[in-house]
Amino acid sequence: MFTCSFFFGLSREFCRQVSLFPSSPRLNIKSLDGRKEEEVTIMLSRLQEFLSRHRRKFIVTGALVGGTIYAARYAQRKLVEYQERQAREFFERTRRMHHFESTERTCNQVILGMGEEMCQAVLHECSTDELLEQLRQNPTNKLELWEQMKIVSFTRLATFVYASSMLVIALRVQLNLLGGYIYRDIITEQRQVTDELKQQYLSLIRHFITDDGIRDLARFIRSKVVEVLKSMPLTRQLTLADTEQIFWSLQMAINGDTRHDPNSKMTKYLLPDLSRLQQRANCSPLMQQMYNETLDMLESEDCVSVCVHNVSRGFALSCDAIAESMGETLQHLAPGELQQQQQPLNSQTQTKQSNNNNLLNVNTVLLALAKLIPIVSGLTSRGYDSAARPHNLPTQLLSFYVVSEKSKMLGANVYETFSSG
């Protein structure tokens, strides 16, 4: 009992003593809040000092990070735009290529179709039927008729060479120019080129075939043939090299006339005058614009160079055809007659030829001009015929000009110019 009273009294005394001491921090809430505010203030001031000391670093770092993010987004956006642009360009290039290929196929068909009419026009203008009929009757003026045959035969061959090249170039330019306009109408969803305008524009080439073009060209070439061959007698012995020289001289005489040269002045023969075109009641401003652009293209250096190249290759094909015909003709001769037709050979050549009697070198064969005339006339006695085997010279010329790389490149350049204009 005494013990309990003692501990109870001691407890009361402890509690009283504790109440006399100052209160502890854990028990004083106001003191705790003040200390926290002081710590926060110190921390903020230190943070402010840290930011002040490293302000430039934070600005530079922020600019770099922000710039990097902006550059990445900008590059991504540009990449997407580039891919979309590439896809559009590929689609447009593919569509343009398909349209160009379709235009080329149409162009080839039109060239071969109108080539038949052109050949008939040349045969009509340079006909030898009447002369051959008179020669069959063995007239007294046989020499005079053979002289005329000489002029007409070479005139017809040269006219085929020039006219075929001019027709191919003109139609390449016309159809690719028209194709470029049509493609622009497809892209812009307009319809400037009507069916009537197409027909009017393509009918311009009719001037060359049915009006005055072939006639004027043949007459001009005939005048140059007379200059080159008039003084050459029918008894003149010619080799194949001499024949090539005749064609080269004829080509130089034709190309040297700057007023009527079919290469640089082909529009003089191919298309009607602008005054005649304007007389048409339905000649629209667009038609006149396309006509003027066609004139500019046909008078350009590209067209002239292509025509000159085609004509040179055409005469080379003519010489090859003459050589082949000479070989076929001479194969039917007796050995004695064949030796008389050949040039004197050196001993080495004679030894080689004696070892192989079946080998005929047409380059050494001498042939009178009178015997060459039927060969030249026979090469161009018929017009274009794709079914004939082997192909005659007019068919070979048109086929060669159609597939010529220079002619194709010319058409591609014209299409590219007017389809993207």
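The chain holds 18 helices and 2 strands, where helices (H or I, at least four residues) and strands (E, at least two) are DSSP runs numbered from the N terminus. This is a predicted model, in which local features need pLDDT of at least 70 and side-chain atom pairs count only at pLDDT 80 or more, while totals for chains, interfaces and linings use all residues. Residues are numbered from 1 along each chain as its sequence is written, and side-chain values use heavy atoms, with hydrogens and water left out.

Of the 421 residues of the chain, 38% count as buried, a term that means under 20% relative accessible area, with exposed meaning over 50% and partly exposed in between (1.4 Å probe, protein chains only). Among contacts between residues at least 6 apart in sequence, 81% join residues at least 24 apart, contact being defined as heavy atoms within 4.5 Å.

The largest nonpolar core has 97 residues; such a core is a set of buried Ala, Val, Leu, Ile, Met, Phe, Trp, Tyr and Cys residues joined through side-chain atoms within 4.5 Å. Helix α5 (residues 142–188) gives the most to this core, contributing 22 residues. The residues with the most contacts inside the core are M118, F154, M166, I169, F208, L270 and I322. For L270, once neighbours within four places in sequence are left aside, the contacts are M166, A170, L204, I205, H207, F208 and L298.

Helix α3 (residues 55–125) packs with helix α18 (residues 405–419) at an angle of about 130°, their axes lying 11 Å apart. Here axes are lines fitted to C-alpha atoms, for helices over the stretch in contact, and angles run from 0 to 180 degrees between N-to-C directions. On this angle α3 is oblique to α18, since angles under 35 degrees count as roughly parallel, over 145 as roughly antiparallel, 65 to 115 as roughly perpendicular and the rest as oblique. The contact is made by R96, H99, F100, T103 and E104 of α3 together with K408, G411, A412, Y415, E416 and S419 of α18.

Two individual residues complete the tour. T106 has its place in helix α3 and is partly exposed, because its relative accessible area is 38%; the C-alpha atoms of T106 and N176, which are 70 residues apart along the chain, are separated by 9.9 Å. S325, found in helix α13 (residues 301–330), is buried because its relative accessible area is 18%, and S325 touches I375 and L379 when residues up to four places away in sequence are not counted.
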